[in-house]
Amino acid sequence: MDELRSQESVTRNLMDAGCGEELIRQFWALDAAGKKRESLALLARHRQRLLDCCHAEQRKIDCLDYLIYQLGGISKWKKS
């Protein structure tokens, strides 16, 4: 019973981390085959993709911040 609860908990955590059904299926297949290193590598690759997305979004925010700065700040820009 504890193992089932643990699997449910891990699956919920994977879903909360943005893992899709296919990635979760691959994770459990690797786990069932005793391939811990490969399952951890799979999660590390997903983590890197998430981090890359964060960095891309941060660059967009930086561009907007620079544009707002160039336009003289938010208050001046909104009055125009």
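Residues are numbered from 1 along each chain as its sequence is written, and side-chain values use heavy atoms, with hydrogens and water left out. In this predicted model, local features need pLDDT of at least 70 and side-chain atom pairs count only at pLDDT 80 or more, whereas totals for chains, interfaces and linings use all residues.

The protein has 4 helices and 0 strands (DSSP runs numbered from the N terminus, with helices being H or I of at least four residues and strands E of at least two). The order of the elements from the N terminus is α-α-α-α. Of the 80 residues in the protein, 12% are buried (buried means under 20% relative accessible area, exposed over 50% and partly exposed in between, with a 1.4 Å probe and protein chains only).

Helix α2 (residues 21-32) packs with helix α3 (residues 36-70) at an angle of about 155 degrees, and their axes are 8 Å apart (axes are lines fitted to C-alpha atoms, for helices over the stretch in contact, and angles run from 0 to 180 degrees between N-to-C directions). Helix α2 is therefore roughly antiparallel to α3 (angles over 145 degrees count as roughly antiparallel, under 35 as roughly parallel, 65 to 115 as roughly perpendicular and the rest as oblique). On the α2 side the contact (heavy atoms within 4.5 Å) is made by Leu23, Gln26, Phe27 and Leu30, and on the α3 side by Glu38, Ser39, Leu42, Leu43, His46 and Arg49. These residues comprise 5 nonpolar, 3 polar and 2 charged.

The largest nonpolar core has 7 residues, namely Leu14, Cys19, Leu23, Ile24, Phe27, Leu30 and Leu42 (such a core is a set of buried Ala, Val, Leu, Ile, Met, Phe, Trp, Tyr and Cys residues joined through side-chain atoms within 4.5 Å). Helix α2 supplies the largest share of this core, 4 residues. Not counting residues up to four places away in sequence, Leu42 touches Leu23, Gln26, Phe27 and Leu30.

His46 lies in helix α3 and is buried, with a relative accessible area of 10%. With residues up to four places away in sequence not counted, His46 touches Ala17, Gly18, Cys19 and Leu23.

A search of the whole structure finds 0 disulfides (pairs of cysteine sulfur atoms within 2.5 Å). Cys53 is in no disulfide, and the nearest cysteine sulfur, that of Cys54, is 7.2 Å away, too far for a bond. Cys53 is partly exposed, with a relative accessible area of 47%.

Conventions: Ala, Val, Leu, Ile, Met, Phe, Trp, Tyr, Cys and Pro count as nonpolar, Asp, Glu, Lys and Arg as charged, and the others, Gly among them, as polar.
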